[in-house]
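Dear colleague,

I am handing over the structure below, followed by my notes on what was found in it. Please read them alongside the coordinates.

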Amino acid sequence: MILTQVVADFSNDTWWISVLKALFIVLFLIFSVIFALWFERRLIARFQNRVGPNTVGPFGLGQSFPDALKLIFKEDFWLAGAEKIVYIVAPVITAVCAFSVMAVIPMGPEVSIFGLHTPLQLTDSPVAMLFVLAVAALGEYGMVFGGWSAKSTLPLYGSVRSATQMISYELAQGLSLVTIFLAAATMSTSGIVGAQQDIWNVVTLLPAFLVFLVTMFGETNRLPFDLPEAEGEIVAGPHTEYSSMKFAWYYLGEYVNMFNVSMLAVTLFFGGWRSGPILTALGGLIGFDPNTGWFPMLVFTFKVWVFIAVFIWVRATLLRFRYDQFMKLGWKGLIPSALIWLTIVLILHGYKLVNPQFNDRWPMVILSTGFAIMMLIWAFVRDEETVSQSQLIAERESQEFDGFEDGYPVPPLPGQHLPPSPRATRRVANTVPTTTQEA
């Protein structure tokens with residue numbers, strides 16, 4: 001595979017244009033998170049037939065600002081037994097890595113800013129997607145270090161879960177992205193958007209998008225994959241022992257990562273800032289090109305918020321996975337599916353190299369649709385887990401369970417029941433003779 005050159009032209013950029021773009025990225029993400037907090041509460045309230053925030057500001061739009069102030073002015077405590085340097089650096093790593101991803105995301109075509117023609121993108125390179133993957137992996141160190149440095153049991157559980165989750169789901173995500181690089185013949189984000197001028201990748205590479213869609217939730221620790229911070233199990237995961245602004249950095253990083261993966265999904269699979277054939281055709285009827293000027297930036301933002309709504313929709317609909325279900329989906333479902341699809345794409349591209357006249361667009365669309373349907377059928381129809389779970393429950397019911405495993409107290413699994421407590425046993429023993437005498 002020969003990588004093409006970067007499509008975006010940054011030759012006219014000056015230092016103050018770069019500073020202006022960087023400042024816009026920071027402000028855009030911060031205010032997007034503030035609005036997302038209101039949007040999430042409002043939308044979940046509609047799902048649950050509630051009102052939602054409606055007091056502070058019109059329609060409750062101002063509710064997120066006092067919430068942010070509350071985090072700033074809350075008491076900030078320090079753990080006496082924590083690793084001080086790692087403890088304070090961990091949330092900063094998470095936040096900095098989260099804000100860095102958008103640097104290579106194209107939000108629009110070349111426009112004029114104060115007389116200078118520049119693309120609506122801070123920077124790009126022929127291997128920009130490698131930068132994204134590297135920064136996303138580095139951001140996980142913030143979760144791992146935060147849980148480890150607290151020297152507390154529950155945060156450590158969350159950090160270990162976060163590490164295993166990153167390994168499992170970034171493998172599947174990386175495999176799904178390789179097919180994008182093959183189709184676009186570049187790892188440049190602007191080049192990938194340019195390669196989707198005629199047809200979006202979601203049409204020709206639908207199985208890769210389905211895998212990426214699931215890994216989006218695993219990467220951001222959102223329901224149903226919020227295992228590292230499961231409130232009902234480990235309180236809050238790696239940031240249990242954090243407060244005030246140190247906790248706010250984690251909180252901000254999680255929501256910024258939602259926007260990061262949403263922007264990546266739009267860039268890689270939905271044409272980025274391009275309006276698509278339908279809107280382009282409608283614009284041509286009225287003499288307006290929706291792929292020029294500042295309008296594509298609105299199109300890009302709208303696409304991103306559609307994915308944010310999907311995040312909220314899933315949170316309001318699905319329950320948290322068990323950890324074994326979560327790992328089974330990653331290692332036995334997503335990774336094999338991504339590998340099989342990658343093999344199919346490689347075979348098709350190899351045949352095209354042998355026969356340059358071969359047009360692989362429609363064969364790719366047919367194979368993409370067919371394999372995606374097979375993936376969905378396998379996901380919803382298979383009953384292997386149901387059978388195995390029922391067998392395990394039956395076996396556990398026939399075995400005695402004392403609540404300990406190798407000397408350590410453990411909770412009962414499905415099918416197991418804790419023995420009655422000594423107090424309950426004595427109560428029953430004292431009640432039976434009395435009942436017999438009265439009879």
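Asn221 is in contact (heavy atoms within 4.5 Å) with Met143, Gln165, Asp226, Pro228, Glu229 and Glu254, once its neighbours within four places in sequence are left aside. This is a predicted model, in which local features need pLDDT of at least 70 and side-chain atom pairs count only at pLDDT 80 or more, while totals for chains, interfaces and linings use all residues. Residues are numbered from 1 along each chain as its sequence is written, and side-chain values use heavy atoms, with hydrogens and water left out.

Asn221 sits in the loop between helix H8 (206-220) and helix H9 (231-234), where helices are DSSP runs of H or I with at least four residues, numbered from the N terminus. The side chains of Asn221 and Gln165 are joined by a polar contact of 2.9 Å, that is, a pair of N or O atoms within 3.5 Å, of which one must be able to donate a hydrogen and the other to accept it. Asn221 counts as buried because its relative accessible area is 7% (buried is under 20%, exposed over 50%, partly exposed in between, with a 1.4 Å probe and protein chains only).

Ile72, by contrast, lies in helix H2 (residues 64-73) and is partly exposed, as its relative accessible area is 44%. Beyond its neighbours within four places in sequence, Ile72 is in contact with Ser244 and Met245. The C-alpha atoms of Ile72 and Gly147 are separated by 22 Å, the two residues being 75 apart along the chain.

Ile30, in helix H1, is also partly exposed, at 30% relative accessibility.

Key: Helices (H or I, at least four residues) and strands (E, at least two) are DSSP runs, numbered from the N terminus.
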